[in-house]
Amino acid sequence: MNTIIEDMRSGVDEEGIARAGDILKHGGLVAFPTETVYGLGADALDAQAAARIYAAKGRPSDNPLIVHIADWDALDYIVEEIPEEARLLADAFWPGPLTMIFKKSEVVPLATTGGLQTVAVRMPVNEVARAMIRAGGGYIAAPSANTSGRPSPTKASHVMDDMDGIIEMIIDGGDVEIGLESTIVDLTEDTPMILRPGYINEEMLEKVVGSVKIDPAVSGADTKARPKAPGMRYRHYAPRADLIIVEGAQEAVREKINELVQEAAACGKVPGIIGTDESRDLYQGGLVKSIGSRADELTIAQHLYSILREFDDSDISVIYSESFETPNMGLAIMNRLIKAAGHQIIKV
Ligand code: TXA
Ligand code: MG
């Protein structure tokens, strides 16, 4: 298949959006930018189109998809009821990087929800995404647009690496703003529960709906806890190299990493390091990549997945990473990093 690339880096192109809408309405697949990560879209109300998403990604069919809408009025049709908390959270955070879980209505096929009676819904803020959703019929199922088991794509070139020749179209909207997938909140129980941490954190949610719980599996502290979001159960991404997180006071972490790098090099390994703008010059060996600045934690979130992809394209066989318990997005960043490291953490 020849994958069409539509360039919308400088904004919505109506003709390109019409072509995307046409593909979606005929059961095809279009990858598109959102503020979190690139999504792989198909008509959420068409079971066959949803099935194509699973095939293109190599995704287990019990891992449900998020349905993307562009307008609040679209919600009613796909859910059984809209709890009061959902109205409040939508007022505060939609459009934006928040996904909410509802009881699904009959129109949503089980192929889209991975067999569940609930449906995850998100309204992205990205204008290209919203124009495409409307053109595609208003309900677009979209997981992250990576091959299952690879890091989520944060730029169009990542999508091309994984999906070229497999899907009908890729819309290039430039680099994403946030770089980590949306926060998922389950509203089907008495107290709202965070199933996946993201840019919208616990404190922001609590300001709107009072008490919020966090799925105990999220922090990574308890490796036996079973996450409630099916997708969070999979080892999302394992880099080709062994990834080890070093956690502790920043200076002690640097010393430990320097020591580990020397040891690894002595055994003939090629070590890599994930540091920051502040620390990168303080390492004495190894291939150092800066993930961003501790003074601006969003830069750390933005670069996490692309840095992991870059290491996969290099000969590095072991990677030592600083840990990033930053004030607002720390839980989300560390949730992804700890999974990528397969829970290998050295505390100093
Ligand atoms: O930011 C995002 O949410 C991106 C962009 C494209 O919007 N999408 C995304 O989709 O991250 P995906 O498929 O990579 O992750 C969806 C997550 C999975 O962990 C899945 O198990 C969970 O949402 N999920 C979906 N529906 C669910 C449901 N009904 N109940 C519990 N978890 C659900
Ligand atoms: Mg994903």
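## Around ligand 1

A polar side-chain atom of Arg 59 sits 2.8 Å from an oxygen atom of ligand 1. Keep in mind, as we go, that this is a predicted model. Taken on its own, ligand 1 has 680 Å² of accessible area, and the protein covers 97% of it.

Which elements give two or more residues to the shell around ligand 1? They are strand E4 (66–68), strand E6 (118–122) and strand E10 (193–196). E6 contributes the most, with 4 residues. In total there are 28 residues around the ligand, and those that come nearest are Thr 36, Asn 63, His 68, Ser 182 and Gly 231. By residue class, the shell splits into 16 nonpolar, 8 polar and 4 charged.

## Helix H9 and its cover

Let's turn to helix H9, which runs over residues 250–266.

Which residues of H9 are buried? They are Val 253, Ile 257, Asn 258, Leu 260, Val 261 and Ala 264. The cover over these buried residues includes four strands: E12 (242–247), E13 (271–275), E15 (318–322) and E16 (345–347). After H9 comes Gly 268, with a positive phi near 85°.

Asp 162 belongs to helix H7 (residues 156–163). Is Asp 162 buried or exposed? Its relative accessible area is 7%, and buried means under 20%, so Asp 162 counts as buried. Leaving aside residues up to four places away in sequence, Asp 162 touches Ala 145, Asn 146, Thr 147, Arg 150 and Arg 309.

## Backbone details in two loops

Two loops are worth a look if you are checking backbone geometry. Between helix H4 (84–93) and strand E5 (98–103) lies a loop that holds Pro 95. The peptide bond joining Trp 94 and Pro 95 is cis, with omega about -10°.

The other loop lies between helix H11 (330–340) and E16, and His 343 is found there. His 343 is not a glycine, yet its phi is positive, at about 65°. With a relative accessibility of 36%, His 343 is classed as partly exposed. E16, at the end of this loop, is also among the strands that cover the buried residues of H9.

Key
Residues numbered from 1 in each chain as written. Chains lettered and ligands numbered in written order. Predicted model: local features only at pLDDT ≥ 70, side-chain atom pairs only at ≥ 80, totals over all residues. Heavy atoms only, no water. Near = heavy atom within 4 Å. Polar contact = N/O pair within 3.5 Å; in protein donor to acceptor, adjacent residues only side chain to side chain. Areas by Shrake-Rupley, 256 points an atom, 1.4 Å probe, with all protein chains shown as cover. Nonpolar A, V, L, I, M, F, W, Y, C, P; charged D, E, K, R; others polar. Expected span 1.5 Å × (residues − 1). Buried < 20%, exposed > 50% of the residue type's maximum accessible area, 1.4 Å probe, protein only. Contact = heavy atoms within 4.5 Å.
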